[in-house]
Number of protein chains: 2
Amino acid sequence: MLNENEKVIADKIRQLKQTSGSHSPSIYSLISEIEGFEIAIDACFLSNPYATDLFMRYFKEEVLNQNKLRGLLEFYPTQNRPLAAILSSTLGVDPECIFLGNGATEIIQTILHRFTKKKLLVTLPTFSPYYEFARSDTEVIFYTLDKRNDFKFDPDAWLKIVKKEKCDTVVLINPNNPDGGYLSQKELRTLLGALKEVDQVILDESFLHFSSEDSSCKLISNLPLLKEFPNLITIKSMSKDFGIAGIRAGYAIMPKEKVKELLKNGFLWNVSGLAEYFFRLYSTKQFREEYEQIRIKHLQGTQDFFKQLNAIKGINVYPSQANFFLIELPGVSSSEVALELLIRHGIYTRACDDKKGLEGSFIRIASRTPQENMKIAHCLSQVVSSHAKDPLFSTPM
Amino acid sequence: MLNENEKVIADKIRQLKQTSGSHSPSIYSLISEIEGFEIAIDACFLSNPYATDLFMRYFKEEVLNQNKLRGLLEFYPTQNRPLAAILSSTLGVDPECIFLGNGATEIIQTILHRFTKKKLLVTLPTFSPYYEFARSDTEVIFYTLDKRNDFKFDPDAWLKIVKKEKCDTVVLINPNNPDGGYLSQKELRTLLGALKEVDQVILDESFLHFSSEDSSCKLISNLPLLKEFPNLITIKSMSKDFGIAGIRAGYAIMPKEKVKELLKNGFLWNVSGLAEYFFRLYSTKQFREEYEQIRIKHLQGTQDFFKQLNAIKGINVYPSQANFFLIELPGVSSSEVALELLIRHGIYTRACDDKKGLEGSFIRIASRTPQENMKIAHCLSQVVSSHAKDPLFSTPM
């Protein structure tokens, strides 16, 4: 339980949370607004920590040590179109089909505003911008994953809604956030085959680098699907798999007429100097080869983390094909557990009280390094068992 | 004149220019696409070089030396709304009236898309996004500054167009780009008083820190006008006066209902970790006091540069209240002069051939440090006089 001092901090965190809407307050906000506050493990942010290490190593060697930082900060960055040309061979896609964004969120926002018309189908629970940023004249239809069915996506039930509502835009996040549910390439192909009447199918692949369809852990690519289905748009955040959310980098692949329509309306210098450096680095074979090793390392560490979490008594951990786990805490308040993990142990997790479509007490925990994962599992076990004993902090079963 | 080797480089630059639309290719593009190419002086980018020095000093002390860089690049930045709260006391404005942008261009784009309705009035020549990014159902009306009248803005003629066309949005860039023309606070107040029927008056103050209404060089503020006229929106790029275009930072001040409308539609993490650091730095008194000194230093250096340029024979330098000068090169091709300055002398300037509303041969040159300005004036004088003698490279008078 929190003591008096800790309760003061908890109140401050709740206030910061209020200014952050349906998202978590930033690390920077937390540590700069709360004196002496420190975060030891960020298990709220869904990133591969080894990838941040890798990026920082290159950044130090190629930018800081070469005195190139000033140039990246001082001068106008390269425009969207020539940057797409640089990424083209890396992605194996015509440059005219690539649109670069100031993070994936900018891309989601603009697709919903420019291309979606009357009806948008979104799965719940999900990443909230997919419905929060819909146009006021767009009706958002929800397909809700069922807890009783382990949040499993039901293609037939979902397709029935698409047809019945005549949705012009449908969103598939694969793996899904916050549950990590996954549709295989085979399942996706079948689904897409039944979606030919839909204007655009948005496939958000921001967590795809954390998935594996077999023990080889081979990188899965939606490229064959993009070639086959002209109504498909893939959106990819670079924040998670490359661990660089502060840089704001993402891209989408879509038909060239759509890219043209977007660039006619702006997005001139929406990619910063640092994001440009990242995309140029990503377009080198050497970086990608090194990245591939640490991608697999993180994927395997995440699989081990599942086993550790699954061994904790009194919680339900849902299977995930992403690098995070949705955890149900029956009889315990998730926001209290999250606050105690944060204030007492310095572990930042995501209480899911405000996640639309998620009824009950859930937290989402990201996989970090093996040492950090061990500490997270240990502290979570401790906090949950102490809360479970205290009727004051319990929620009804 | 260019020799054979130099002509090869000139062709490569022309190709890069083609991919950049109505803007200049980035420095990064130029140096990474053309082997061995170096830029000694960037007089294309309209920034205060001392401000970049100042920012870099703080960045080194507070970020690099304190091992805080990784945090800025790795984690999600703070959202728009809490960042506005941090800027509020610095700007002296209610946080609900502040909207932060991924550079001013993002703000221009979104205002034109969300608030402008049928008719938009833009002055020519100007910063092209103001008409390029207008909605397809918005009619852009142009008011063209007259070269024969030294590009002077005529309030009566302009107001006549506003009334006749019933424009719902009008744009005033003060000082204007590319000519540096300036409307005093008194002139602006009179104009705004006659614009009460207009839905929104966009006042772009991105170059205002380079202006002075008297010898005191005191910082001019549009805040009193914002308090007086509820249809006024000010837009401010931080790229120029703070010399940090690569970071992408800008803000707008507008009625709170408008900010609310924008945030309802996105712009969640549109300010990167580095831009957040800049805004936090800008909100400290110490930084602003040091900035004020170098702002005045650059302003005075720019006034000296005008005298040097004005002394060059065969060119017309237009008076400017910004940190750049529009220069007419009668009888000489501006693109040839710009290419020769760049390839032979490493001086990057802006040939204005593609500037809509600017007929004739013009280049725009930014003021840099006194040493650099001296070199620019010297090389320009040399190039212009050599071109003037060669009929092959001349344009008709």
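Guide: The following account concerns the side of chain B that touches chain A. This is a predicted model, in which local features need pLDDT of at least 70 and side-chain atom pairs count only at pLDDT 80 or more, while totals for chains, interfaces and linings use all residues. Residues are numbered from 1 along each chain as its sequence is written, chains are lettered from A and ligands numbered from 1 in the order in which they are written, and side-chain values use heavy atoms, with hydrogens and water left out.

In chain B, 67 residues are in contact with 66 residues of chain A (contact means heavy atoms within 4.5 Å). Between them the two chains bury about 5,100 Å², of which 57% is on carbon and sulfur atoms; buried area is the accessible area (1.4 Å probe) that two parts lose on being put together, summed over both. Within chain B, the residues that lose the most area to chain A are Tyr28(B), Leu73(B) and Tyr76(B), together 13% of what that side buries.

Charged side chains also meet here. Four salt bridges are counted between chain B and chain A, a salt bridge being a side-chain nitrogen of Lys or Arg within 4 Å of a carboxyl oxygen of Asp or Glu. One of them joins Glu74(A) and Arg368(B), at 3.6 Å from N to O. Among the elements that give two or more residues to this side of chain B are α2 (27-33), α3 (49-64) and α12 (273-282) of chain B; helices are DSSP runs (H or I, at least four residues), numbered from the N terminus. The most comes from α3(B), with seven residues.
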